[in-house]
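Please view the sequence and the model together before reading on.

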Amino acid sequence: MTQVKLISAWLGGVLLLAGVVGILESGAADVFLEATRPDFQKISLGVAGIHNAGGPDWLGGRIEEVLKRDVKRSLVFDLVDLPSLGIQTPDIGNGMGAGSKAVFKQAAEKGVSVLVWGKAGLKETDKEADVNMEGFVYDSGSDELVGGKRYAGSPSVVRLMAHRFADELVFRYTGEPGIARTKIAYVAEQGTARELFVMDYDGYDARQLTADGFLNLMPQWSPDRRFLIFTAYRNRNTQDIDMIELATGKRWTVISLGGLNITPALSPDGNFLAFASSHEGNSELYRLDTRTKAIQRLTVNPSGDLSPSWSPNGRELVFVSDRGGGPQLFLMGSEGSNVRRLTFEGDYNAAPVWSPRGNWIAYVCRTHKEYKLCVISPDGQKRRQLTTGPGVDDSPSWSPDGRHLVFSSTADGKSHIYMIDADGKDIERLTFQGTHNSAPSWSPAS
Amino acid sequence: MNQTLCTCGVALVMGVALIGMPGCSKKSVQSGGDSQGTQGMAKGGSSDSSRSGVGSFPDTGVQSGSGELRGLDKNPSEERVGSGTMLAKVDPSSSAGRQMDEFRAEAGLRDVFFAYDSWTISEEERQALNRNAEWMKSNSSALVKVEGHCDERGTSAYNLVLGEKRAKAARNYLVELGVGANRLSVVSYGKERPSCNEHAESCYQQNRRGHLVVKTGR
């Protein structure tokens with residue numbers, strides 16, 4: 001068992017400002033890794049305005065708002081409010097002019113590590129409208145204008161410009177791609193049907209993917225983000241596992257063995273599909289080699305086995321079994337060996353998902369008759385309940401950086417989709433439309 | 001990948017400035033996310049399954065690294081921002097692919113209800129199934145589907161398994177009463193097709209059911 005610390009150090013001048021990014025595992029699934037370590041020091045960042053440079057009044061403010069929310073959600077930066085520190089944020093241009101130098105000096109004195117600003121404008125011709133955005137980054141540690149970005153695109157991609165700039169900031173300071181451009185697939189009710197949708201990670205820009213008028217359930221992303229794999233009903237009678245290609249909408253059935261075929265999960269390398277099927281009687285786990293099409297049965301017992309989730313190294317699976325009575329989490333090797341029970345607290349533990357860094361398994365735990373989110377370490381030594389209160393929480397799914405979970409909850413009445421920090425802080429509701437939104441699945445990072 | 005990042009991390013600790021960061025990630029960082037776009041169904045059409053019940057599989061394992069991120073630049077050149085992940089347009093009103101229901105409710109068939117977390121058929125509910133068996137015997141050509149349903153509590157996935165257990169428990173009891181097994185099929189809808197949407201036990205009770213429907217003549 002080895003663990004290697006990845007410390008991303010931002011070196012500026014003589015000042016070494018260390019931002020501990022996290023620890024990456026090097027193989028073993030039982031390594032403890034904290035997505036957000038107790039000693040993690042967020043990097044203080046202030047946004048000194050995205051100023052209008054020829055365009056509608058809302059433009060700069062819109063980009064600034066999206067950018068600030070992204071920065072805050074990154075959990076890499078500590079978003080500071082510059083005016084409350086006495087730092088005024090006039091248009092400070094794009095250079096190291098005299099005016100901007102005063103602002104930089106103020107920021108450095110107030111302990112603001114990173115200062116971000118920019119401008120945005122809209123050019124309209126008879127044929128098209130084009131938004132231009134520039135963003136700049138000053139680092140007070142090195143007293144240096146680090147650099148910037150220039151984006152252009154149609155007014156419909158204004159939010160994406162802010163998302164991409166936010167991810168550039170995260171990438172610059174951590175080497176990670178950021179999550180602001182990730183997507184969330186989910187199920188939304190339409191009449192009595194449930195159809196697949198995909199939205200941006202912040203809940204905006206929802207798009208419908210299926211329209212067959214019946215049930216499409218529990219989508220999961222392929223590792224390359226190009227496909228969703230999910231449970232569907234052919235002729236309303238048999239549960240099959242289908243795939244859909246996002247770019248084309250092409251959809252086809254990949255598993256139709258008869259009986260219940262549910263909870264598909266592609267291995268991190270895409271070479272195997274783990275799923276539950278009842279075609280031999282009761283619900284058992286199987287593993288399909290996606291290249292040879294060979295199917296291997298992983299579990300053999302008269303109880304229900306379902307909901308496999310891969311460890312990030314692809315060597316182990318966590319799954320649900322009610323072989324002891326109620327549903328509990330179990331672990332096994334990905335070829336079915338070495339089965340052992342993971343959860344012992346409570347009489348209902350289900351819907352496990354292994355975190356991208358390997359250190360936690362999130363799941364639904366029943367406590368005081370409510371279905372809430374819990375996390376447990378793969379060795380069972382550490383367990384925490386993340387959500388409390390009324391409502392049924394379901395279908396947790398990790399952000400690719402392991403710092404957040406998305407899940408569904410009936411806490412506000414109807415089922416909607418929420419985001420929560422991996423440490424249980426800062427719940428944010430993402431969906432507000434419709435009668436029922438559920439089964440969120442967070443895409444891999446792009 | 002881990003190894004690459006680990007090396008990168010050590011290099012950073014040693015003081016290499018982050019300007020070089022893109023080089024630390026996988027090569028695909030530079031090539032952008034579009035390079036895979038044309039590979040599509042590289043592994044063939046949808047009908048070449050080597051085993052019945054298994055369809056074609058595309059190659060899905062290629063991860064795209066940090067995609068379109070190119071790093072901050074002191075003299076940034078303009079980048080066009082497209083619409084992000086390409087998503088096909090779906091017309092929700094189109095009737096293509098709409099599923100027709102081949103089964104209908106039948107007044108002579110009664111629902112059978114279950115206790116919380118349970119798929120056991122109680123003495124009281126056996127009465128309903130006894131009547132259903134009689135109906136099926138007097139309608140000897142009817143094909144019946146038993147739908148297993150659950151209340152909203154618990155996870156979607158486990159409720160699908162629970163719903164199947166309920167449907168099978170009802171089917172097995174009907175078979176015990178002499179109904180031909182070949183006339184009975186089962187399906188589980190879990191908690192996905194509730195008949196009642198309130199958050200109350202009176203409603204949950206109605207949703208924990210085996211619902212029997214008859215195949216239409218179509």
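## Sheet of four strands

Two strands are taken to pair if DSSP finds at least two bridges between them. On that basis the model, which is a predicted one, contains an open sheet of four strands in chain A, with the order E10-E9-E8-E31 and antiparallel pairing. The edge strands of this sheet are E10 (207-208) and E31 (437-442) of chain A, each of which pairs on one side only.

Within the sheet, strand E8 (residues 183-190) of chain A and strand E9 (residues 193-200) of chain A are joined in the antiparallel sense over eight bridges.

## Chain and domains

Chain A has 31 strands and three helices, and of its 446 residues 58% count as buried. Among the contacts in chain A between residues at least 6 apart in sequence, 44% join residues at least 24 apart.

The chain is divided into domain 1, covering 42-174, and domain 2, covering 183-442. The C-alpha centres of these two domains of chain A lie 37 Å apart.

## A covered hairpin

Strand E15 (residues 261-266) of chain A is mostly covered, since six of its six residues are buried. E15(A) pairs in the antiparallel sense with strand E16 (residues 272-277) of chain A over four bridges, and A:Ile262 stands opposite A:Ala276 in E16(A). The two strands E15(A) and E16(A) form a hairpin with five residues between them, and in the turn A:Gly270 has a positive phi of about 75 degrees.

## Helix H3 and its packing

Is helix H3(A) mostly covered or mostly exposed? H3(A) is mostly covered, as 17 of its 17 residues are buried. Because 17 residues at 1.5 Å a residue should span 24 Å, the 25 Å between the end C-alpha atoms of helix H3 (residues 158-174) of chain A agrees with expectation. Just after H3(A), A:Gly175 takes a positive phi of about 80 degrees.

Two packed helices are described by the angle between their axes and the distance between the axes. Helix H1 (residues 58-74) of chain A packs against H3(A) at an angle of about 40 degrees, with the axes 9 Å apart, and the crossing of H1(A) and H3(A) is right-handed. The residues making this contact include A:Ile63, A:Val66, A:Leu67 and A:Asp70 of H1(A), together with A:Ala162, A:Phe165, A:Ala166 and A:Leu169 of H3(A). An α-helix has 3.6 residues a turn, so residues three or four places apart point the same way.

Definitions and conventions. Residues numbered from 1 in each chain as written. Chains lettered and ligands numbered in written order. Predicted model: local features only at pLDDT ≥ 70, side-chain atom pairs only at ≥ 80, totals over all residues. Buried ≥ 20, exposed ≤ 12 C-beta atoms within 10 Å, placed from the backbone. Contact = placed C-beta atoms within 7 Å. Domains from an automatic or database assignment. Expected span 1.5 Å × (residues − 1). Axes fitted to C-alpha atoms, helices over the stretch in contact; angles between N-to-C directions. Left-handed = near helix turned anticlockwise from the far one by under 90°.
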